[in-house]
Amino acid sequence: MKKKLVALLAVAVLSMSSVYAAEAQGPVSKWLDNLTGKVARKEQSAYQKQQAKQQKLAEKKKKREQKLAQKRAKQRQKQLERQRKAQEHQKKVQKKKSLLKELFSED
């Protein structure tokens, strides 16, 4: 019980004095700065990694969308070409029908 009380008292004194020490440039403030600086650098590094990862994902998404747009454009172009060929074929068929009709018609 006595040990716990002494430890609690020591923590209280250190925490109260650390506020004053942080204001002055003493060894405790330097220690606190070093300790919090490491944490801040780790957080900054993690944040930068996350930002880089998100940027890479955005670039991949953009490239994928561009490829899909190109693929759709090619498909549309092929469809238009098929339609044009079908129309030309239909015109030829109609022309031959009309020629055959004229040939076998009784005038």
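This is a predicted model: local features need pLDDT of at least 70, side-chain atom pairs count only at pLDDT 80 or more; totals for chains, interfaces and linings use all residues.
Which residues form a nonpolar patch on the surface?

View 1. Residues are numbered from 1 along each chain as its sequence is written, and side-chain values use heavy atoms, with hydrogens and water left out. Helices (H or I, at least four residues) and strands (E, at least two) are DSSP runs, numbered from the N terminus. Of the 107 residues, 5% count as buried; buried means under 20% relative accessible area, exposed over 50%, and partly exposed in between (1.4 Å probe, protein chains only). Areas come from the Shrake-Rupley method with a 1.4 Å probe, and for residues only the protein chains shown count as cover.

**View 2. Val 28, Trp 31 and Leu 35 form the nonpolar surface patch.** Together these residues have about 300 Å² of accessible area. Patches are made of residues with over 30% relative accessible area and no salt bridge; nonpolar side chains (Val, Leu, Ile, Met, Phe, Trp, Tyr) are joined within 5 Å, and like charges within 9 Å. Leu 35 sits in helix α2 and counts as partly exposed, at 44% relative accessibility.

**View 3. A patch of positive charge gathers Lys 56, Lys 60, Lys 61 and Arg 64 on the surface.** Lys and Arg count as positive and Asp and Glu as negative, while His and the chain ends are not counted. Each charge is placed at NZ of Lys, CZ of Arg, CG of Asp or CD of Glu. Arg 64 belongs to helix α2 (residues 27-104).

**View 4. Here Arg 84 pairs with Glu 81 and with Glu 88.** The count comes to two salt bridges, each a side-chain nitrogen of Lys or Arg within 4 Å of a carboxyl oxygen of Asp or Glu. The closest N and O atoms are 2.2 Å apart for Glu 81 and Arg 84, which lie three residues apart in helix α2, about one turn. For Glu 88 and Arg 84 the closest N and O atoms are 2.5 Å apart. Because Glu 88 and Arg 84 are four residues apart in helix α2, about one helical turn separates them. Shared partners join Glu 81, Arg 84 and Glu 88 into one network of salt bridges.
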